[in-house]
Amino acid sequence: MDAAVRSFLTYLNVERGASPHTLRNYEGDLRQFLEFLRTAHDGTLPAPAAVDAYAVRSFLAARAGLGDAKSSIGRKLATVRSFFKYLGREGVVARSPAATVVTPKKDQRLPRVLSADDAARLMDHPDRTQPRSLRDQAILEVLYSAGVRVAELVGLHAEDVDLEAGAATVMGKGRKERVVLLGEKAVAALRAYLNARPPSAGKGPSPLFQNSRGGRLTTRSVERIVTAQCRALPNFPAMTPHTLRHSFATHLLDGGADLRAIQEMLGHASLSTTQRYTHVALDRMMEAYDKAHPRAHEEK
């Protein structure tokens, strides 16, 4: 079973071109699955062909008992399905034990977004005199202006950005490229950062956002940067880089942008994924109505 997992991860890396983030998730999920199987079989791992649907369901139930969210459990099931689908193509198993296991329904939680005023406060906050501050300012502006995922942001090369056109080419999920637009303020922030940044010493494409050693920033580093900028503002809500992506989409919708255009900008494969922002916009509209309209409440 260990060898089968290593073979599967190699396949994802070499043949499917999966990102390091995706590979880490797949490996983590499968290591948890193997540990569960090892515990259930008194310290030994069964052969892949000996794993049945009951074992898969028991694994998911165990993860639920440990407090995993439904979204996390659904991802683990998708990982196990992909693993056994690969083993089926390789002739290791006759059929997938995960094929008949039902994916748990996700809790329908609306994405959290910043108000336009809070977004403006965050964008205008960083000190613009130091190179690192210029970098952090540019990171915030690109996240909010283009609505990119944090993995797409850190994957950008300097050569991927066209400041004259106000656009950048990002590598999205499934290794799909798309062009995202940069607003004037994002372009200005990027110009200031690139002009202050030391020239890249290495050969080949230069990471757009670099750490102090000239290497590429990680997703975790960007998360820490965003957290630090939020904490530096008084009475500012806690948020993640993905909150800026949600805010980007919701503020576009509030401004009258077409839902399909937003889908293209976000790189969503399905329009249904983008449609959740209509619920956010409706909730915000109802909240504004309840606060402001004189006929919104009964007189007591």
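**Exercise 1. Which strand pairs with strand 3, and over how many bridges?**

*Solution.* Start with the strands, which are DSSP runs of E with at least two residues, numbered from the N terminus, as are helices (H or I, at least four residues). Two strands pair if DSSP finds at least two bridges between them. Strand 3 (residues 177–181) pairs with strand 2 in the antiparallel sense, over five bridges. To see one of these partners, find T169: its bridge partner in strand 3 is V179. Finally, look at the turn: the hairpin of strand 2 and strand 3 has five residues between the strands, and there G174 takes a positive phi near 70 degrees.

A word about the model before going on: it is predicted, so local features need pLDDT of at least 70 and side-chain atom pairs count only at pLDDT 80 or more, while totals for chains, interfaces and linings use all residues. Residues are numbered from 1 along each chain as its sequence is written, and side-chain values use heavy atoms, with hydrogens and water left out.

**Exercise 2. In what sense do strand 1 and strand 2 pair?**

*Solution.* Find strand 1 at residues 161–162 and strand 2 at residues 167–171. They pair in the antiparallel sense over two bridges. Next, pick out V161, which stands opposite A168 in strand 2. Four residues lie between the strands of this hairpin, where G166 has a positive phi near 70 degrees.

**Exercise 3. At what angle do the axes of helix 2 and helix 4 cross?**

*Solution.* Axes are lines fitted to C-alpha atoms, for helices over the stretch in contact, and angles run from 0 to 180 degrees between N-to-C directions. These two axes come within 9 Å and cross at roughly 90 degrees. That makes helix 2 roughly perpendicular to helix 4 (under 35 degrees counts as roughly parallel, over 145 as roughly antiparallel, 65 to 115 as roughly perpendicular and the rest as oblique).

**Exercise 4. How many residues does the largest nonpolar core have?**

*Solution.* A nonpolar core is a set of buried Ala, Val, Leu, Ile, Met, Phe, Trp, Tyr and Cys residues joined through side-chain atoms within 4.5 Å. The largest one has 38 residues, and L122, L182, L190, F209 and V222 have the most contacts inside it. Helix 6 (131–146) is one of the elements that give two or more residues, and its seven residues are the largest share. Now zoom in on V222: not counting residues up to four places away in sequence, it touches several residues, among them I139, L143 and L217. A second, separate core of 30 residues includes L9, Y11, L30 and A98.

Terms used. Buried < 20%, exposed > 50% of the residue type's maximum accessible area, 1.4 Å probe, protein only. Contact = heavy atoms within 4.5 Å.
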